[in-house]
Amino acid sequence: MKLVRFGNPGKEKPGLIDADGRLRDLSAVVKDIGPDQLGDAALARLRKQKVDKLPIVRGSPRIGCPVGGIGKFIAIGLNYSDHAAETGAEIPKEPIVFTKAISCIQGPNDPVMLPKNSVKSDWEVELGVVIGTRARYVSQKSALDFVAGYCTINDVSEREFQTERGGTWDKGKGCDTFGPIGPWLVTRDEVPHPQKLGMWLDLNGKRMQTGSTRTMIFGVAKLVSYVSQFMTLNPGDVITTGTPPGVGLGMKPPLYLKKGDVMTLGIDGLGEQRQNVVAFKL
């Protein structure tokens, strides 16, 4: 299933994308697509719905983040060896774990706002993993059983805040609007091989990133298992798993986002995003 949430920010309704690509309203079936709807049993009930009987949503409503009630937004750094090389960093021996503030989460096509005093805002197309079942000290062998599904994420990053202002990476990663997620949550039964997904990102129509999840240093199963050793992963938590090469930081000379830029990005089977870059505004 391709699950979505649509409508104005804070008032999104649940929906799904049918076999013909049409948006169907699920609000008479479930109140939201959130932690209570992400377990295997709840998803199985949704699969039994007669999709052709669900109301078609007319027009072009805003698409929100496909998961409501996200508790944790966990990110993995330098998880592609070629991306590590372009940034001048060593290949990590264990996953690098940091957090993105949940206040940065937004819809896939909402504008990205440059933070106040930003000079090095950058882009990163990434595979997102949504947890469906509480995971605590899970094995790598069983880790994917705890996943509800997958989505496209743009891990927007302010590099000066991230690496030149002391402390951890978090303050360069959690700025408002820096977490576009979606357009869909694609359930794991439709993504049997999460390590075989092509991914790309264009800036102003020019291809910047072309990659594949097959080149991850640490795969999805390893990441879910690893993170669960340090914190309990609850239904609705999101892990964004790292980016392939082609970020602005790695260009010679570096290239960073400015007002008026347009980012488009996508992952095979998981849908596409489009964001206009706008100036800071309180």
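I take helices (H or I, at least four residues) and strands (E, at least two) as DSSP runs, numbered from the N terminus. By that count I find 4 helices and 18 strands in the chain, and K11 sits in the loop between strand 1 (2-6) and strand 2 (13-17).

I note that this is a predicted model, in which local features need pLDDT of at least 70 and side-chain atom pairs count only at pLDDT 80 or more, while totals for chains, interfaces and linings use all residues. Residues are numbered from 1 along each chain as its sequence is written, and side-chain values use heavy atoms, with hydrogens and water left out.

I looked up K11 next: with a relative accessible area of 66%, K11 is exposed, where exposed means over 50%, buried under 20% and partly exposed in between (1.4 Å probe, protein chains only).

The C-alpha trace spans about 55 × 45 × 30 Å along its principal axes.

I also looked at contacts (heavy atoms within 4.5 Å): of those in the chain with a separation of 6 or more, 75% come from residues 24 or more positions apart.

Last, I noted the surface, for which accessible areas come from the Shrake-Rupley method with a 1.4 Å probe: the chain exposes about 12,500 Å², and carbon and sulfur atoms supply 52% of it.
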